[in-house]
Amino acid sequence: MRQALEGSQAIAQAVSRCRPEVVAAYPITPQTHIVENISKLVADGVLDTELVSVESEFSAASVILGAAAAGARAYTASSSQGILLMAEVLFNISGLRIPVVMTCANRAVSAPLSIWNDHADSMAVRDCGWIQLHCLDNQEAVDSTVQAFKIAQDTELPVMVCMDGFVLTHTLEVVDMPEQDLIDRFLPPFKFQRALDPKRPITQGALVSPDFFGEIRHSHHAAMQKSAAVIESVDADWAALTGRRCGGLLTVEGPADAETGVLALGSMCGTLLEAMETLPMDRPVKLIKLRCFRPFPEAALREATAGLRDLIVLDRAVTPGLGGTVGTEVKGTLYGTDPGPRIHTYAVGLGGRDIPLDILPDLVATLDKPVAPFGVFDADLEKLAPEDR
Amino acid sequence: MIEIRIHGRGGQGNVVAAYLLASAAFHDGKYCQAFPAFGAERRGAPVAAFVRINEQRIFRRNQVREPHYMVVQDATLLHNRSLTGGLRPPGYMLVNSTRPAQEFSDEFGVWAVTIPATRLATEIVGRNVPNVALLSALITLNGMMPVTALEKALADRFSGSILDKNVKLVERASAEVEPGLWTEEVRHAASA
Amino acid sequence: MTDTSNATRLAELRLKHGRPPASPAEPSAPPRDKDLRKSQPRFRGLEAGHRACQGCGEALATRLVMESAGPDVMIANATGCLEVFTTPWPESAWRVPWIHSLFENAAAVAAGMESAMKAKGHRTKVLAFGGDGGTYDIGFQSLSGMLERYHNVLYVCYDNEAYMNTGIQRSSSTPHAASTTTSPSGKARMGKRHLKKDLLSIIAAHHIPYAASASVAYPTDIRRKVRHAMETEGPTFIVIHSPCPLGWGHDGSVTIEVARKAVQCGLFPLVELERGEVCNVMPIRQPQPVSEYLKLQSRFRHLFNDKDPRALEERQHLQALADHNITLFNLRGDQADPMDTAGMDTVRRGGPVH
């Protein structure tokens with residue numbers, strides 16, 4: 001049913017309809033409204049779940065680890081410092097191959113303290129072995145959340161649904177909320193082969209010697225790569241049921257013959273998309289919307305960028321001393337493609353900086369010049385002391 | 001697409017106002033988007049919220065810099081003269097004030113309308129929350145949707161006597177202004 | 001399957017798992033194995049053949065806990081010796097569902113498991129195991145959270161009074177004046193400068209239904225306390241004093257004696273608490289001087305250097321701590337008591353008593 005909902009409220013409802021058996025969370029801006037709404041659903045008797053109000057994000061992640069290991073569908077949500085406090089557990093969850101789902105309401109990482117949106121948190125844990133999906137709007141966030149439970153279950157890998165904090169979580173917009181019976185048809189009850197069970201005692205999380213460690217990491221990597229096909233097929237199944245796609249691994253919008261591409265992820269794709277359609281451009285531009293950041297869709301990216309002369313990659317986080325995470329990975333992926341595009345990498349919208357529509361023509365205008373080194377595109381260096389520029 | 005910027009102080013129900021207006025547009029069959037100028041402001045601090053209303057799905061996420069309409073919940077905010085920055089001509093500005101609208105129009109070079117929203121809200125709802133009265137006046141002035149849409153949006157959030165009082169406030173505030181005073185040009189933009 | 005083959009199979013299984021005959025009709029298999037321990041009718045949740053050191057107090061304590069806890073349990077284990085020596089992949093000494101996640105989250109993982117059991121309506125009891133590092137120190141927050149949220153979890157802390165897994169570094173449970181690799185004794189220092197953290201008082205402040213201290217020297221007492229905790233709905237906590245021959249510097253054959261001396265001198269009082277109030281203690285009829293306990297262990301060797309005036313001072317300090325425990329818990333009761341430590345001396349498990 002179509003409803004006008006705040007993003008967090010929509011996510012809470014979607015999570016509720018996925019029938020989680022255990023939800024554990026610790027409040028942090030801008031994730032709070034998700035947890036508050038779930039708590040309300042529990043209090044109102046709409047959602048029957050074990051809601052564990054933990055004493056830290058570290059325990060939130062640990063509780064869902066334990067719950068899923070014991071065979072329950074489990075969910076948590078966090079942001080920023082919370083994601084970093086969880087980091088150790090996140091690696092552990094994926095290493096144990098425990099299928100849980102988390103919403104990351106993306107927020108900058110302190111210091112300096114910022115409660116506003118960028119991708120520093122999820123990028124900081126890019127190597128934690130979780131599937132990471134990014135959302136364009138709240139509809140995609142809702143649909144991806146439902147899909148995430150299915151993907152987790154089918155791949156036995158944890159899934160992080162990244163939605164831009166405030167920009168999506170605190171925005172009220174029209175969302176087509178999938179009905180309970182539709183979700184029930186799509187998402188079977190939770191089943192986990194390796195669940196702890198006194199009838200079949202198993203040991204999980206053993207000490208692994210050098211004789212086996214490499215093999216186990218290899219198998220984790222292979223599982224992540226194989227999950228790409230599952231992510232695509234789950235999106236296709238969802239589309240067959242609802243008529244809505246979230247964009248599989250990545251999608252390309254705009255004129256097919258455009259020789260200029262912009263690659264971005266998250267809600268800024270919406271602004272770029274509308275800029276593409278409404279603003280006069282001196283050349284055709286296509287948008288590559290990267291939905292699945294982990295596993296990184298290398299083959300799809302090579303295909304999507306074939307024929308491009310220029311590719312602008314927009315990060316919403318910085319790897320200090322190197323540049324942008326996505327930009328660097330795109331460069332690595334396209335290395336050796338002949339003829340590959342000239343790749344321009346920038347960070348934009350850090351710490352909640354508004355990304356205006358006209359950022360697109362401004363970006364395109366840089367293409368006439370030689371490829372610039374990575375930089376924070378919308379930074380006003382005049383604000384800095386000369387020695388810091 | 002119609003873009004609206006709402007100014008108020010923390011605690012005046014600024015975000016709720018934006019959400020209500022967007023929900024009302026949704027009940028009127030439109031696409032909508034409402035979000036606060038996300039901040040860490042506490043009670044009393046100047047805050048802003050944004051609303052977009054469109055016939056098609058809205059993709060852009062940037063803050064509203066050039067609104068078609070401005071709603072000012074607290075006239076004392078206007079001591080900051082940049083508040084009206086970006087307001088599109090002819091400068092539709094609805095102010096919660098008991099002063100004559102002409103004073104604001106002259107001072108800021110806008111087309112201001114004032115209603116005593118605080119007084120109305122205190123009288124009818126019993127709380128100093130001017131947002132609903134202002135929204136009612138706004139949609140009456142520009143005719144972008146019937147006030148019944150706003151009443152439906154209120155019914156999503158409130159019930160019982162609070163809802164009844166708010167509906168009464170909607171009707172009362174609507175009667176304070178001239179329907180359709182603020183015109184064609186913007187309605188045109190909505191279908192653009 | 002015929003009745004005969006079924007009976008044979010059952011007999012085999014019984015030998016393997018050490019379970020009692022399922023029914024009187026079943027012929028009891030003759031003990032093929034002369035090893036009495038293996039034919040004991042006890043549930044062996046922790047199987048033999050793990051890789052603990054000789055005389056490991058923690059391994060023994062865990063086996064005793066598992067015997068009493070029974071098969072309908074699942075365990076969240078913190079990182080530490082216990083985890084390392086029982087699960088060298090691809091082998092495992094556990095006969096119950098067992099998971100190791102991290103060092104500091106055993107209580108939180110257990111809370112999650114318990115929530116899952118609650119959600120599914122299962123009665124399986126969840127246990128959390130940690131050493132003193134994972135309990136007193138790094139896992140302290142998640143433990144407190146688990147107790148506060150009233151999860152139906154039995155948390156067992158195997159207290160060997162230092163970070164033994166990483167090579168004997170001091171923890172907040174290390175006793176005052178003990179020498180470890182990060183609190184070595186030397187010209188300027190007499191081992192650990194600080195006191196052993198009074199964890200049980202902090203646990204008591206959570207007002208959980210049941211908390212107790214136990215010692216590996218008193219197996220019957222451990223079993224009783226574990227059974228009581230198993231029957232209790234809600235969070236329960238048992239800390240078990242478990243000597244580490246390597247870390248404490250004593251022979252593996254005297255583990256039990258060392259543990260017993262700790263109790264008998266008053267340094268490690270065995271108490272039980274209900275809702276934070278002391279409800280039972282194990283009395284000490286003839287308290288031994290702490291030096292009897294200390295001199296068995298090389299971690300206190302520097303306290304017996306007659307040329308060093310600080311040695312006597314620190315011994316007196318430790319004696320004062322023990323005396324304080326004896327007074328605080330009124331360990332010198334007047335009446336006869338079956339729990340008397342003197343009576344417990346008859347237990348001869350784990351090596352000779354000198």
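Mentor: Let us begin with pairing, since two strands pair if DSSP finds at least two bridges between them. Keep in mind as we go that this is a predicted model.

Trainee: What makes strand S1 of chain C and strand S2 of chain C a parallel pair?

Mentor: Three bridges join S1(C), residues 73-77, to S2(C), residues 98-100, and the two strands run parallel.

Trainee: What is the order of the strands in the open sheet, and what is its pairing?

Mentor: The order of the nine strands is S9(A)-S2(C)-S1(C)-S3(C)-S4(C)-S6(C)-S5(C)-S7(C)-S8(C), and the pairing is mixed.

Trainee: Why are S9(A) and S8(C) called edge strands?

Mentor: Strand S9 (203-204) of chain A and strand S8 (277-281) of chain C each pair on one side only, and they are the edge strands of this sheet. Helix H3 (residues 57-69) of chain C packs on the sheet, where it touches S1, S3, S4 and S6 of chain C, and its direction makes about 160 degrees with that of S4(C).

Trainee: How many residues of chain A and of chain C are in contact, and which element of chain A gives the most?

Mentor: There are 37 residues of chain A in contact with 39 residues of chain C, where a contact means C-beta atoms within 7 Å. H3(A) gives the most to this side of chain A, with nine residues. By class, this side of chain A that touches chain C has 21 nonpolar, 11 polar and five charged residues.

Trainee: What makes up the side of chain A that touches chain B?

Mentor: On that side, 22 residues of chain A are in contact with 17 residues of chain B. The elements giving two or more residues are S1 (2-6), S8 (172-176) and H9 (268-278) of chain A, and the largest share, five residues, comes from H9(A). S8(A) also pairs with strand S2 (residues 31-36) of chain B in the antiparallel sense, over two bridges, and A:Leu172 has B:Ala34 as its bridge partner in S2(B).

Trainee: Why does the radius of gyration of chain B agree with that of a compact globule?

Mentor: A compact globule of 192 residues would have a radius of gyration near 16 Å, and chain B has 15 Å, so the two agree. Of the 192 residues of chain B, 50% count as buried, which means that 20 or more other C-beta atoms lie within 10 Å of their own. The C-alpha atoms of chain B fill a box of roughly 40 × 35 × 35 Å along the principal axes.

Definitions and conventions: Residues are numbered from 1 along each chain as its sequence is written. Chains are lettered from A and ligands numbered from 1 in the order in which they are written. This is a predicted model: local features need pLDDT of at least 70, side-chain atom pairs count only at pLDDT 80 or more; totals for chains, interfaces and linings use all residues. Helices (H or I, at least four residues) and strands (E, at least two) are DSSP runs, numbered from the N terminus. Two residues are in contact if their C-beta atoms, placed from the backbone, lie within 7 Å. Axes are lines fitted to C-alpha atoms, for helices over the stretch in contact, and angles run from 0 to 180 degrees between N-to-C directions. The radius of gyration is taken over C-alpha atoms; the globule rule is 2.2 Å times the number of residues to the power 0.38. A residue is buried if 20 or more other C-beta atoms lie within 10 Å of its own, exposed if 12 or fewer, and partly exposed in between; C-beta atoms are placed from the backbone. Ala, Val, Leu, Ile, Met, Phe, Trp, Tyr, Cys and Pro count as nonpolar, Asp, Glu, Lys and Arg as charged, and the others, Gly among them, as polar.
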